[in-house]
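Please work through the exercises below with the sequence and the three-dimensional structure at hand.

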Amino acid sequence: MKTGPDRAAPLFWLLFAAGGTASAMLLPAMVFVTGIAVPAGWVTVDDLARLLRNSLTRLILVGLVFLFLLHWAHRFRYALADLGFVRLGRQAWLFYGTALAGTILAGLAALRL
Amino acid sequence: MTKQLTRPLPRTWWLRKAPYLKFMIRELTSVAVFAYTLLLIWALWSAADAGSFLGFYDFLRTPLSVWLHAVVLLLALYHTGTWIALTPKVMVLWRDDEQVEPDFIAGVNGILFLFVSGVLVWLVFA
């Protein structure tokens with residue numbers, strides 16, 4: 001049985017909040033672009049390719065994947081605990097591990113160009 | 001023999017009252033955030049070669065993608081709304097002896113959201 005304060009907890013709350021703010025500010029506009037502007041034909045395949053092949057865009061997107069995934073990991077873990085599917089303190093690695101794996105995958109994808 | 005002193009909570013507790021349901025929807029907006037990161041990873045991965053990028057672009061134009069985006073957009077907007085509504089509780093500001101109006105703090109964040117969204121869309125179209 002683990003005792004004493006959980007020294008890692010503040011870090012995960014910080015990343016949860018950072019990801020929550022980033023997604024609150026940026027996600028609706030991003031969904032608008034890929035979900036409305038692209039199907040409507042306002043953004044052509046060349047436009048989108050140029051945007052996604054830009055180094056700065058790729059760097060920012062990897063950063064956003066990192067923040068979004070840590071936001072998800074934290075909030076979803078607590079939601080599943082509230083729903084009685086997991087116990088807090090158990091399986092935490094599964095959520096943050098998935099977030100880390102996704103970030104690494106995004107990093108590798110960004111470096112493919 | 002040990003006696004259980006906490007009352008067992010049924011898994012459907014969040015369906016009992018509207019505020020509970022709204023709380024659970026708010027928490028589950030994180031699933032939409034997760035789903036969209038998968039799309040971002042696919043976007044980054046496919047951009048490397050023209051063939052797979054065309055596959056990604058064509059997927060965005062399918063009805064399935066449009067419907068999924070519609071669901072994600074609703075949840076994303078709910079997340080933005082609830083997140084901004086919480087900002088005055090997270091940052092309690094004081095100007096001299098007076099507390100800055102909570103509505104003012106949330107309002108500023110709302111305007112920031114509209115501004116940032118406008119800039120992002122403008123950057124994509126420019």
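The exercises that follow concern a predicted model and treat the chains, their helix pairs, selected residues and the contact between the chains.

**Exercise 1. Determine the secondary structure of chain A and decide whether the chain is spread out or compact.**

Solution. Begin with the elements: chain A has four helices and zero strands. From the N terminus on, they run α-α-α-α. Next, compare the radius of gyration with the globule rule. The radius of gyration of chain A is 17 Å, whereas the rule gives 13 Å for 113 residues, so chain A is more spread out than a compact globule. The spans of the C-alpha trace along the principal axes are about 55 × 30 × 20 Å. Of the 113 residues of chain A, 38% count as buried. Among contacts in chain A with a separation of 6 or more, 73% join residues 24 or more positions apart.

**Exercise 2. Carry out the analysis of Exercise 1 for chain B.**

Solution. Chain B contains four helices and two strands, and its pattern along the sequence is α-α-α-β-β-α. Its radius of gyration is 21 Å, well over the 14 Å that the globule rule gives for 126 residues; chain B is therefore more spread out than a compact globule. Along the principal axes, the C-alpha trace of chain B spans about 65 × 60 × 25 Å. Buried residues account for 23% of the 126 residues in chain B. Of the contacts in chain B with a separation of 6 or more, 37% are between residues 24 or more positions apart.

**Exercise 3. Classify the arrangement of α3(A) and α4(A), and state which residues meet.**

Solution. First, take the geometry: the two axes come within 9 Å and cross at roughly 170°. An angle over 145 degrees counts as roughly antiparallel; therefore α3(A) is roughly antiparallel to α4(A). The crossing of α3(A) and α4(A) is right-handed. Second, identify the residues. On the α3(A) side they include L61(A), V65(A), F66(A), L69(A), W72(A) and F76(A). The α4(A) side contributes, among them, F95(A), Y96(A), A99(A), G102(A), T103(A) and A106(A). By class, this contact has 15 nonpolar, four polar and two charged residues.

**Exercise 4. Classify the arrangement of α3(B) and α4(B), and state which residues meet.**

Solution. Helix α3(B) covers residues 63-90 and helix α4(B) covers residues 102-125. Their axes come within 7 Å and cross at roughly 140°. The helices α3(B) and α4(B) are therefore oblique to each other. Their crossing is right-handed. In the contact, T80(B), I84(B), A85(B), T87(B) and P88(B) of α3(B) meet P102(B), I105(B), A106(B), N109(B), G110(B) and F113(B) of α4(B). Sorting this contact by class gives seven nonpolar, four polar and no charged residues.

**Exercise 5. Locate L108(A), F23(B) and D96(B), and decide whether each is buried, partly exposed or exposed.**

Solution. The cut-offs needed are these: 20 or more other C-beta atoms within 10 Å make a residue buried, 12 or fewer make it exposed, and counts in between make it partly exposed.

- L108(A) lies in helix α4 of chain A. L108(A) has 13 other C-beta atoms within 10 Å and is therefore partly exposed. The C-alpha atoms of L108(A) and V62(A) are separated by 9.4 Å, although the residues are 46 apart along the chain.
- F23(B) belongs to helix α1 of chain B, residues 18-46. Because F23(B) has 15 C-beta neighbours inside 10 Å, F23(B) counts as partly exposed. F23(B) and E101(B) are 78 residues apart in sequence and 24 Å apart in space, C-alpha to C-alpha.
- D96(B) is found in the loop between β1 (94-95) and β2 (98-99) of chain B. With 4 C-beta neighbours inside 10 Å, D96(B) counts as exposed. D96(B) also has a positive phi of about 55°, although it is not a glycine.

**Exercise 6. Describe the contact between chain A and chain B from the side of chain A.**

Solution. Start with the totals: 43 residues of chain A and 40 residues of chain B take part. On the side of chain A, the elements that give two or more residues are α1 (9-37), α2 (45-52), α3 (55-82) and α4 (92-111). The largest share, 13 residues, comes from α1(A). By class, the chain A side divides into 32 nonpolar, seven polar and four charged residues.

How values were computed
Residues are numbered from 1 along each chain as its sequence is written. Chains are lettered from A and ligands numbered from 1 in the order in which they are written. This is a predicted model: local features need pLDDT of at least 70, side-chain atom pairs count only at pLDDT 80 or more; totals for chains, interfaces and linings use all residues. Two residues are in contact if their C-beta atoms, placed from the backbone, lie within 7 Å. Ala, Val, Leu, Ile, Met, Phe, Trp, Tyr, Cys and Pro count as nonpolar, Asp, Glu, Lys and Arg as charged, and the others, Gly among them, as polar. Axes are lines fitted to C-alpha atoms, for helices over the stretch in contact, and angles run from 0 to 180 degrees between N-to-C directions. Angles under 35 degrees count as roughly parallel, over 145 as roughly antiparallel, 65 to 115 as roughly perpendicular and the rest as oblique. A crossing is left-handed if the near helix is turned anticlockwise from the far one by less than a right angle, and right-handed if clockwise. The radius of gyration is taken over C-alpha atoms; the globule rule is 2.2 Å times the number of residues to the power 0.38.
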